[in-house]
Amino acid sequence: KLQERIRPEVAEMLRKAIQLDPADRYKNAIERYAAFAELQSRARKQRRASKRNGSKKTAKPGSSWRQLQWREFQRQFRAELDTRHQCRRCEGPVAESMKACPWCGFDNPARGATTRMPAHCPRCERGVKIDWNYCAWCYGPGFEAETTRRYSDKRYVSKCSNTRCKQPLMPFMRYCPWCRSKVKRPWKIPGSKHKCKACNWGIVKEYWNFCAWCREPVKRT
Ligand SMILES: [Zn+2]
Ligand SMILES: [Zn+2]
Ligand SMILES: [Zn+2]
Ligand SMILES: [Zn+2]
């Protein structure tokens, strides 16, 4: 029925294009597979080479112990703390919400990392949501909220204690992103019973050298 409405030479061209297409796709698939196989074998070679050199090239002393600690820490706390980034200085696992690196004490250790949030605070560069009025992490200046719509988010686990606000909060927020009041209730870390002596927020005493929330040194006795 299509042929009745279009000129024969156009129909012929279309027919060819349709016929050519599967072959092209087939060729593309082979090329793509070849490139993929090549990448894989290169990665394998690299792994083998680094394994061979690994025993001779001793990295910084204690670094493998540190790696082990970080891995164990991540296994236990990554989901709770969202420590998906690396410290800018020591490369230890850190979260955007942290004020200091719990391993080396560096300020705003995840700064510059790609946030999962749709926007970032111009002052501290931490991720913010477009319906917030303020940065929840740094008491920066107010934003021009891009929308008056409220977006739900499964990371909201608590509520602002300001009775006129009562808006939802995410873990480890310092300030309410809606009314800018300081979050009063100290945050706890699920799975860790220790608290920082200075700020009262939860710490992972077995692992941390510094409180990630106020930079107080953690004494492990
Ligand atoms: Zn660090
Ligand atoms: Zn900020
Ligand atoms: Zn509030
Ligand atoms: Zn603290």
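Predicted model: local features only at pLDDT ≥ 70, side-chain atom pairs only at ≥ 80, totals over all residues.
Colleague: What makes the arrangement around the zinc ion (ligand 3) tetrahedral?

Modeller: The protein donors are Cys 160 (SG), Cys 165 (SG), Cys 176 (SG) and Cys 179 (SG), lying 2.2 to 2.3 Å from the zinc ion (ligand 3). The 4 donor atoms subtend angles of 106 to 112°. Four donors count as tetrahedral if all angles lie between 85 and 135 degrees, and the arrangement is therefore called tetrahedral.

Colleague: What is the ideal angle for four tetrahedral donors?

Modeller: The ideal is 109.5 degrees.

Colleague: Which spacing do the donors of the zinc ion (ligand 3) follow along the chain?

Modeller: The spacing is C-x4-C-x10-C-x2-C. Within this site, Cys 165 belongs to the loop between β5 (158-159) and β6 (168-169), while Cys 179 belongs to the segment after β6; the pair links distant parts of the chain, 14 residues apart.

Colleague: Why does Cys 165 count as buried?

Modeller: The relative accessibility of Cys 165 is 14%. Buried means under 20%, so Cys 165 counts as buried.

Colleague: Is Cys 179 buried or partly exposed, and what is its relative accessible area?

Modeller: Cys 179 has a relative accessible area of 27%. Partly exposed covers the range between the buried limit of 20% and the exposed limit of 50%, so Cys 179 is partly exposed.

Colleague: What makes the arrangement around the zinc ion (ligand 2) tetrahedral?

Modeller: Here the protein donors are Cys 121 (SG), Cys 124 (SG), Cys 135 (SG) and Cys 138 (SG), at 2.3 to 2.4 Å from the zinc ion (ligand 2). Their 4 donor atoms subtend angles of 108 to 112°. Since the required range is between 85 and 135 degrees, the arrangement is tetrahedral. The donor residues are spaced C-x2-C-x10-C-x2-C in sequence. Cys 121 lies in the loop between β3 (119-120) and β4 (127-128), and Cys 138 in the loop between β4 and β5, 17 residues apart. Both Cys 121 and Cys 138 are buried.

Colleague: How many aromatic pairs does a search of the whole structure find?

Modeller: The search finds 12 aromatic pairs. One of them joins Phe 172 and Trp 187, with 6.1 Å centre to centre and 50° between the planes. Planes under 30 degrees apart count as stacked and those over 60 as edge-to-face; the pair of Phe 172 and Trp 187 is accordingly tilted. Both partners lie in the segment after β6, 15 residues apart. Phe 172 is buried, with a relative accessible area of 3%, and Trp 187 counts as buried at 11%.

Colleague: What makes the pair of Phe 172 and Trp 213 stacked?

Modeller: Their ring centres are 4.5 Å apart and their planes stand at 5°. Stacking requires planes under 30 degrees apart, so the pair is stacked. Phe 172 and Trp 213 are 41 residues apart in the chain, and both are buried.

Colleague: Which residues do ring pairs link into a cluster?

Modeller: The cluster includes Phe 172, Trp 187, Trp 201 and Trp 213. Arg 174 lies over the face of Trp 201, at 5.1 Å from the ring centre.

Colleague: Why does Pro 171 count as partly exposed?

Modeller: Pro 171, in the segment after β6, has a relative accessibility of 28%. Leaving aside neighbours within four places in sequence, Pro 171 is in contact with Trp 137, Arg 155, Val 157 and Trp 187.

How values were computed:
Residues numbered from 1 in each chain as written. Chains lettered and ligands numbered in written order. Heavy atoms only, no water. Donors = N, O, S within 2.8 Å, 3.2 Å for Na, K, Ca; no water. Tetrahedral: all angles 85-135°; square planar, octahedral: opposite > 155°, others 65-115°. Helix = DSSP H or I, 4+ residues; strand = E, 2+ residues; numbered from the N terminus. Buried < 20%, exposed > 50% of the residue type's maximum accessible area, 1.4 Å probe, protein only. Phe/Tyr/Trp six-rings, centres within 6.5 Å; stacked < 30°, edge-to-face > 60°. Lys NZ or Arg CZ within 6 Å of the ring centre and 35° of its normal. Contact = heavy atoms within 4.5 Å.
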